[in-house]
Amino acid sequence: MSHLGSAYTIKGLTLQNRIVMPPMCQYSAEAKVGSPNDWHFVHYVSRAVGGTGLIIMEMTDIDPYGGISDHDLGLWSDEQIPAFARLISEVQKYGTKIGVQIAHSGRKAEVPVAPSAIPLSPEHETPRALTTEEVKDLVKKFKESARRAVEAGMDTLQIHAAHGYLIHQFHSPSINERDDEYGRDLARFGLEVIEAFRSVMPEDMPLIMRISAIEYMEGGYDLEYSIDLARRYQEAGVDMFDVSSGGEAPLGNRKPGNYPGYQVPFAKAFKEALNVPVIAVGMLDDPALAEETIAKGEADLIAVGRSMLRDPYWAFHALKTLEEDAKPPMPYRLGY
């Protein structure tokens, strides 16, 4: 068996292989409704049929005004639980596990709010700085969204603390200029969200956090800073990091790579420094590269995004390329 095709267990979650479909916004929910519809059902279930080990559903908002569009998914109401439960149940029928990325867009939202009144760029609207009480209320909203995700039947949850969204904004020294407790300790907001999640999650359910390992904005933080930050998040209850980079603001002098595997060294650095399981991302759609990354111990799971948009059955095709005996659902086996 290939390394990519081998099973993987973290806490009470066992995956049939090391392949992850990462969160990718579909912008397909009914405006301000937030519930998954037939598009989401077909989109996610087809990737489960295609053999993916873990699906992490797209960024899902804690507040109807906290998304980057009116058409984001949401978990701000108990009324949204049944539609999620229907989709989750069907995905799980094919042996695939499923989680959801829960977030608030902060200064990237259609109604922009942020730790401080600093715009994303000169072309963007200046966000309103949140009051201390509003920050505390957002922690409660994160908690309630996590509770709804658990009630809907999710196998794992992911906190979005990357790509310039709200938690990233709080822990970024270049974006957070507050003078209250959420400015004196830049990790505090993220730590409180983690603690809120853990309070409503089963003990054996793993908690994943997506984090930007470095910032590309002028004066942005570096890998040493993010690892120190992640160490605190790990101590608070994060079980696995989904390691990405950037997304916080327009680029400065430091530029992201644009070649296969360019973000793997970030994941490897997290894994080695923290002794923590990691998901590697970033142009890993070549099965041989994905296999090598797992085989060398640089990451525990591999996330494949754009290629999985193009091919719902990427997992089966990748394992077949690695000469593994892929086992699609019975109606499709004649094709393999």
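**Aromatic pairs and a buried serine**

Reader: Y313 first. Buried or exposed, or something in between?
Author: Y313 is partly exposed, at a relative accessible area of 23%. Partly exposed is the range between buried (under 20%) and exposed (over 50%), with a 1.4 Å probe and protein chains only.

Reader: What sort of model is this?
Author: The model is predicted, with local features needing pLDDT of at least 70 and side-chain atom pairs 80 or more, while totals for chains, interfaces and linings use all residues. Numbering starts from 1 along each chain as its sequence is written, and side-chain values use heavy atoms, without hydrogens or water.

Reader: Fine. How many aromatic pairs in the whole structure?
Author: The search finds nine aromatic pairs. Phe, Tyr and Trp rings (six-membered for Trp) pair with centres within 6.5 Å; planes under 30 degrees apart are stacked, over 60 edge-to-face, the rest tilted.

Reader: What's the geometry of F142 and F189?
Author: F142 and F189 are edge-to-face, with 6.1 Å from centre to centre and 75° between the planes.

Reader: Which helices do F142 and F189 lie in?
Author: F142 belongs to helix α3 (residues 132-152) and F189 to helix α6 (residues 188-200), so this pair ties together parts 47 residues apart in sequence. Helices here are DSSP runs of H or I, at least four residues, and strands are E runs of at least two, numbered from the N terminus.

Reader: F142, buried or exposed? And F189, buried or exposed?
Author: F142 is buried, because its relative accessibility is 0%. F189 also comes out at 0%, so it counts as buried.

Reader: Back to Y313. What about its pair with Y332?
Author: Y313 and Y332 are edge-to-face, with centres 5.9 Å apart and planes at 85°. Y313 sits in the loop between α10 and α11 and Y332 in the segment after α11, so the pair ties together parts that are 19 residues apart in sequence.

Reader: And how accessible is Y332?
Author: Y332 has 40% relative accessibility, so it counts as partly exposed.

Reader: Which residues form the aromatic cluster?
Author: One aromatic cluster is made of F142, F170, Y182, F189 and F197.

Reader: Change of topic. Where is S35?
Author: S35 lies in the loop that runs between β3 (19-21) and α1 (38-49).

Reader: Buried or exposed?
Author: S35 has a relative accessible area of 17%, so it is buried.

Reader: What does S35 touch?
Author: Leaving out residues up to four places away in sequence, S35 touches A29, L73, E79, Q80 and A83. Contact means heavy atoms within 4.5 Å.
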